[in-house]
Amino acid sequence: MATNTKPSLRILDPELLLNAYAKGYFPMADSCEGEIGWYSPEARAIFPLDKFNVPRSLRQTINKKTFEIRINTQFEKVMQLCSERKETWISKEIILSYTLLHHLGFAHSVEAWKEHSLAGGLYGVALGGVFFGESMFSRVRDASKVALVALVERLNQQGFELLDTQFMTPHLARFGAIEISRNEYLRLLKKSINKQCNFIE
């Protein structure tokens, strides 16, 4: 008697992931089929860390201490919440793969908490002097923005040189993100990837 069995989830090898990032590639899963592809876009969005712009209204929110910033306390939960949208490239395989990378000390979450609840946050990969931002979510207004400001402050404190945001959006442009060519990105990546920086002190 035949039985239906679901295919086992595939976890991306951590060494493969890190080598891909070091060469300018990142994975994304197809929203419908879940098949994972590798991307190195012709135009790449980055944040110049010394020119990050914090809008006045957001600075006021930060000064009110509406949110508590935590690091790496709910990494997998952050990924799951980032994936909860109509179309997502964050598949179960992606979540498992980055959770493993988190346990190995390379993937991190920056979380904004409000009244003991996870209100927003982001996650990404730290390698050398580069932080590769992956995705963010918000359950409460400004929560993900506050987490982004906290990320940039930490990267500057720890001597990071490059914050990669992959694709440009109007939201990111408001904070000072710029778009550069692939060749320029690879030049900056090569320069920054060999710097020794610690995301966690």
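Let me start with what I mean by a pocket: on a 1 Å grid over the protein atoms alone, it is an open set of points where a 1.4 Å probe fits, with protein on both sides within 12 Å along at least five of seven lines. Its volume is the space filled by probe spheres set on the points, which are joined across faces, edges and corners. On that basis, the largest pocket here holds about 440 Å³ of space.

Some housekeeping, everyone. This is a predicted model, where local features need pLDDT of at least 70 and side-chain atom pairs count only at pLDDT 80 or more, while totals for chains, interfaces and linings use all residues. Residues are numbered from 1 along each chain as its sequence is written, and side-chain values use heavy atoms, with hydrogens and water left out.

So, who lines the pocket? Lining residues have an atom within 4 Å of a point, and there are 23 of them, with Glu134, Ser135, Met136, Thr165 and Leu172 nearest the centre. Strands E6 (117-127), E7 (130-138) and E8 (162-166) and helices H5 (143-157) and H6 (170-173) each supply at least two; E7 gives the largest share, five residues. Helices (H or I, at least four residues) and strands (E, at least two) are DSSP runs, numbered from the N terminus.

Now look at Trp89, in the loop between helix H3 (75-83) and helix H4 (92-103). Is Trp89 buried or exposed? Trp89 is buried, because its relative accessible area is 16% and the cut-off for buried is under 20% (1.4 Å probe, protein chains only). Contact means heavy atoms within 4.5 Å; leaving out residues up to four places away in sequence, Trp89 touches Pro27, Met28, Ala29, Ile94, Tyr123, Glu134 and Ser135.

On to the sheet. Seven strands form an open sheet in the order E4-E5-E6-E7-E8-E3-E9, with mixed pairing; two strands pair if DSSP finds at least two bridges between them. E4 (68-71) and E9 (178-181) stand at the edges with a single partner strand each, so one side of each has no neighbour in the sheet. Strand E5 (residues 107-114) pairs with E6 in the antiparallel sense over eight bridges, and Glu111 stands opposite Gly121 in E6.

Finally, the helices. H3 lies across E5, E6 and E7, running at about 100 degrees to E6. Axes here are lines fitted to C-alpha atoms, for helices over the stretch in contact, and angles run from 0 to 180 degrees between N-to-C directions. Thanks, all!

Conventions:
Buried < 20%, exposed > 50% of the residue type's maximum accessible area, 1.4 Å probe, protein only.
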